[in-house]
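Subject: Structure for you to look at

Hello,

Here is the structure I promised to send over. Please open it next to this email and follow along.

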Amino acid sequence: MRTLSLPLALTARISPVVVLAAAGWALTSGPATTPAAEKEPAPQSAGESPTGASTAAASKQYAAAPAPCGSIATATLKSLVPGAKTAGKEIPSTDTSLRRTCSWNALKGYDYRWLDVSFEITESDAAAAKSFKENTTEKSGGGSVPGVGDAGYSVVNLTTEDKQQTREGVVIIQASNALVTVTYNGSDFESKKAPSTDEINKGAIKAAKEAVAALESGQKA
């Protein structure tokens, strides 16, 4: 097999050191949303209604992010990222209850694939909806993903560096107070062509649906 000369951008993605610095939550543009500090509840008088507390609780369905490396089925991983270790690699997070990301990547022959799955737990449905809107506005040119969570968005872009094409798809799903973001890309280093838009888009959406299912079956607030 001849020696490959990888484009700088893809070489950086393969490097574990750069992955830890750049992959993780750089893949989503919205800032982390941390829950408000817990306060000692004031004593409730006999005539005081607990309606406000009930409404607040109802608007926050998820208490913590699920384990991202276990959110995608083994068969799906083998299909989307051939040759990758199915256990994945979780990116360090300052608060794993609020934000967790797992990455899979592999170069099999001349074909390279990369998959990231990220979960972010916000303080309320409204906060998640705001972050979803900000992220999808920034990543313009895509379309909706119906039937998954409360709102879904998918966009695919093609980039070229040193005549090497890379096609990347991003899917963002809002489910109650949680945001699920999937990034999936690929390149062929022999032909220098990228996988088709359809392949990347369908792969990213499939992974997103499985990630949302893992979120919904996990712990709730």
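Predicted model: local features only at pLDDT ≥ 70, side-chain atom pairs only at ≥ 80, totals over all residues.

**The aromatic pair**

The structure holds 1 aromatic pair. Its partners are Tyr112 and Phe189. The two rings are stacked.

Where do Tyr112 and Phe189 lie? Tyr112 is in strand S3, residues 111-121. Phe189 sits in the loop between S7 and helix H6 (197-217). The pair therefore ties together parts that are 77 residues apart in sequence.

Both partners are buried. Tyr112 has 1% relative accessibility. For Phe189 the relative accessible area is 5%.

**Two loop residues with positive phi**

Lys163 is not a glycine, yet its phi is positive, at about 65 degrees. Look for Lys163 in the loop between strand S5 (151-161) and strand S6 (164-175).

Ser176 is also not a glycine, and its phi is positive at about 55 degrees. Ser176 belongs to the loop between S6 and strand S7 (178-188).

Is Lys163 buried or exposed? Lys163 counts as exposed, because its relative accessibility is 73% and the cut-off for exposed is over 50%. Ser176 is buried, with a relative accessible area of 4%. The cut-off for buried is under 20%.

Best wishes

Terms used
Residues numbered from 1 in each chain as written. Heavy atoms only, no water. Helix = DSSP H or I, 4+ residues; strand = E, 2+ residues; numbered from the N terminus. Buried < 20%, exposed > 50% of the residue type's maximum accessible area, 1.4 Å probe, protein only. Phe/Tyr/Trp six-rings, centres within 6.5 Å; stacked < 30°, edge-to-face > 60°.
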